[in-house]
Amino acid sequence: MKNKYLFLVVIALIAIGSNKINAQNSIWVAPDHSKNLKNPFMGNEKAAVDGKKIFDQMCVLCHGEQGKGNGAAGLTLETKPANFLELKVVNETDGEIFWKITNGKSPMASYEELLTDDQRWKLVNYIRVLGANTK
């Protein structure tokens, strides 16, 4: 009986551990249709400045001041926030980033009801500024 209990505990620990690994390594892919969404503020420097203000209020706690995914609250999460300087983010289209901000994926909230479309696009512009030196 003791061996059976130990076996079940080991199996449970393996399952929990593999879920943590999968959560950290899972790739968040926006749907294909989001790739074609057009940023109405593309190239607009004022929109990026406005986006920074929104970022400082809504995003910095998890994503960190420089967008590296190392904000104080983000460090406590099992699934770490995106690092906007990583090539996988830099190489996404504006539409994909907008879609992710809009829809969220746990632990990230959906911002569809918290921010207007314009505010979310301005965030995209600021995220582009953060990742500009990565390419």
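Helices are taken here as DSSP runs of H or I with at least four residues, numbered from the N terminus. The structure is a predicted model. On this basis, the secondary structure of the protein chain amounts to six helices and zero strands, and the order along the sequence is α-α-α-α-α-α. The protein chain has 135 residues, of which 33% count as buried. Among its contacts with a separation of 6 or more, 60% are accounted for by residues 24 or more positions apart.

The largest pocket holds about 930 Å³ of space. It is lined by 38 residues, and those closest to its centre are Trp28, His63, Lys80, Pro81 and Ala82. At least two residues of this lining come from each of H1, H2, helix H3 (60–63), helix H4 (87–90), H5 and H6. The greatest contribution to the lining of the largest pocket is that of H5, which gives four residues. Sorted by class, the lining comprises 23 nonpolar, seven polar and eight charged residues.

The largest nonpolar core consists of 18 residues. Within this core, the residues with the most contacts are Phe55, Phe84, Ile97, Ile101, Leu123, Val124 and Ile127. Two or more residues of the core are given by each of helix H2 (45–58), helix H5 (94–103) and helix H6 (117–131). H6 gives the most to this core, namely six residues.

When neighbours within four places in sequence are left aside, Val124 is in contact with Asn39, Asp94, Ile97, Phe98 and Ile101. Of these, Ile97 and Ile101 are also listed among the residues with the most contacts inside the largest nonpolar core. Asn39 is located in the loop between helix H1 (2–25) and H2. Asn39 counts as buried because its relative accessibility is 9%, whereas the cut-off for a buried residue is under 20%.

Two polar contacts are made by the side chain of Asn39. One is with the side chain of Asp94, at 3.0 Å, and another is with the side chain of Asn125, at 2.6 Å. With neighbours within four places in sequence again left aside, the residues in contact with Asn39 are Asp94, Trp121, Val124 and Asn125. Asp94 is therefore a contact partner of both Asn39 and Val124, with contact defined as heavy atoms within 4.5 Å.

Technical notes:
Residues numbered from 1 in each chain as written. Predicted model: local features only at pLDDT ≥ 70, side-chain atom pairs only at ≥ 80, totals over all residues. Heavy atoms only, no water. Core = buried A, V, L, I, M, F, W, Y, C linked by side-chain atoms within 4.5 Å. Buried < 20%, exposed > 50% of the residue type's maximum accessible area, 1.4 Å probe, protein only. Polar contact = N/O pair within 3.5 Å; in protein donor to acceptor, adjacent residues only side chain to side chain. 1 Å grid on protein atoms, 1.4 Å probe; cavity = no way out; pocket = protein on both sides within 12 Å on 5 of 7 lines; lining within 4 Å. Points joined across faces, edges and corners; volume = space filled by probe spheres on them. Nonpolar A, V, L, I, M, F, W, Y, C, P; charged D, E, K, R; others polar.
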